[in-house]
Amino acid sequence: MVRKSLHNQEDFLEIKQRISILKPDAERKWGRMTAAQMLTHCSQVLKVPMKRTVLPKTFFLFRWVGILTKYEMKTFNNGIPPNMPTFKKLIINFDCDFDVSKRELLKTLDEYEEFRRHRKMLSKHELFGKMTDENWGFLEYKHLNHHLKQFSV
């Protein structure tokens with residue numbers, strides 16, 4: 001079973017290419033975010049393993065669900081279902097400029113790649129628990145893929 005990862009150069013370039021073809025008026029298949037808000041949201045999520053977005057502590061029962069979800073996704077290579085809840089801190093419910101958000105996400109992806117190669121990624125996620133570089137690459141790819149599918153890219 002092929003598990004795509006943001007740490008695989010081919011998968012990384014695929015994600016960047018899909019982002020580059022996204023249009024501001026792309027229709028969403030689910031959720032409330034516009035394409036611009038989604039790009040900003042994805043940029044914020046990518047900053048978590050780089051320690052630039054700090055997530056709040058999670059109630060231990062939610063953390064257990066998150067840890068089980070991480071292993072379930074890895075075992076079965078599942079995607080993220082539509083309309084999954086997220087941390088309030090990562091909800092983007094304000095207007096965003098599409099072009100600025102797109103440039104920011106592409107820049108954040110490059111920073112993420114540089115950070116991954118030269119520094120230690122965050123070792124614990126507030127929802128998913130203990131994280132390895134492999135976990136980060138897999139889950140960050142899954143997250144970006146989920147939102148690009150949301151807008152049919």
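The side chain of Lys70 reaches the backbone oxygen of Lys130, at 2.4 Å. Start there. Keep in mind that this is a predicted model.

**Stop 1: Lys70**

Select helix α3, residues 60-76; Lys70 sits in this helix. Now look for a charge partner. Which side chain of opposite charge is nearest to Lys70? Glu134 is, but it lies 11 Å away. Lys70 has no salt bridge, yet it is buried. A salt bridge would need a Lys or Arg side-chain nitrogen within 4 Å of a carboxyl oxygen of Asp or Glu.

Next, show the surroundings of Lys70. Leave out neighbours within four places in sequence. The contacts are then Phe128, Gly129, Lys130, Met131, Asn135 and Leu139.

**Stop 2: the Phe rings**

Select Phe59, Phe60 and Phe62. Together they form one aromatic cluster. How many aromatic pairs are there in the count? The count comes to two. Take Phe59 and Phe60: their ring centres are 5.0 Å apart, with 55 degrees between the planes, and the pair is tilted. Then take Phe59 and Phe62. Here the centres are 6.0 Å apart and the planes stand at 70 degrees, so this pair is edge-to-face. The cut-off for edge-to-face is over 60 degrees. Phe59 takes part in the pair with Phe60 and in the pair with Phe62.

Phe59 has a relative accessible area of 47% and is partly exposed. Phe60, at 45%, is also partly exposed. Is Phe62 buried or exposed? Phe62 is exposed, at 52%. Exposed means over 50% relative accessible area, so Phe62 with its 52% falls in that class.

**Stop 3: Ser43**

Move to helix α2, residues 35-46, and pick Ser43. Its relative accessibility is 2%, so Ser43 counts as buried. What does the Ser43 side chain join in a polar contact? Show the side chain of Thr108: the polar contact between the two is 2.9 Å.

Finish with the other neighbours of Ser43. Skip residues up to four places away in sequence. Ser43 then touches Glu104, Leu105 and Thr108.

Notes. Residues numbered from 1 in each chain as written. Predicted model: local features only at pLDDT ≥ 70, side-chain atom pairs only at ≥ 80, totals over all residues. Heavy atoms only, no water. Helix = DSSP H or I, 4+ residues; strand = E, 2+ residues; numbered from the N terminus. Buried < 20%, exposed > 50% of the residue type's maximum accessible area, 1.4 Å probe, protein only. Lys, Arg positive; Asp, Glu negative; His and termini not counted. Polar contact = N/O pair within 3.5 Å; in protein donor to acceptor, adjacent residues only side chain to side chain. Contact = heavy atoms within 4.5 Å. Phe/Tyr/Trp six-rings, centres within 6.5 Å; stacked < 30°, edge-to-face > 60°.
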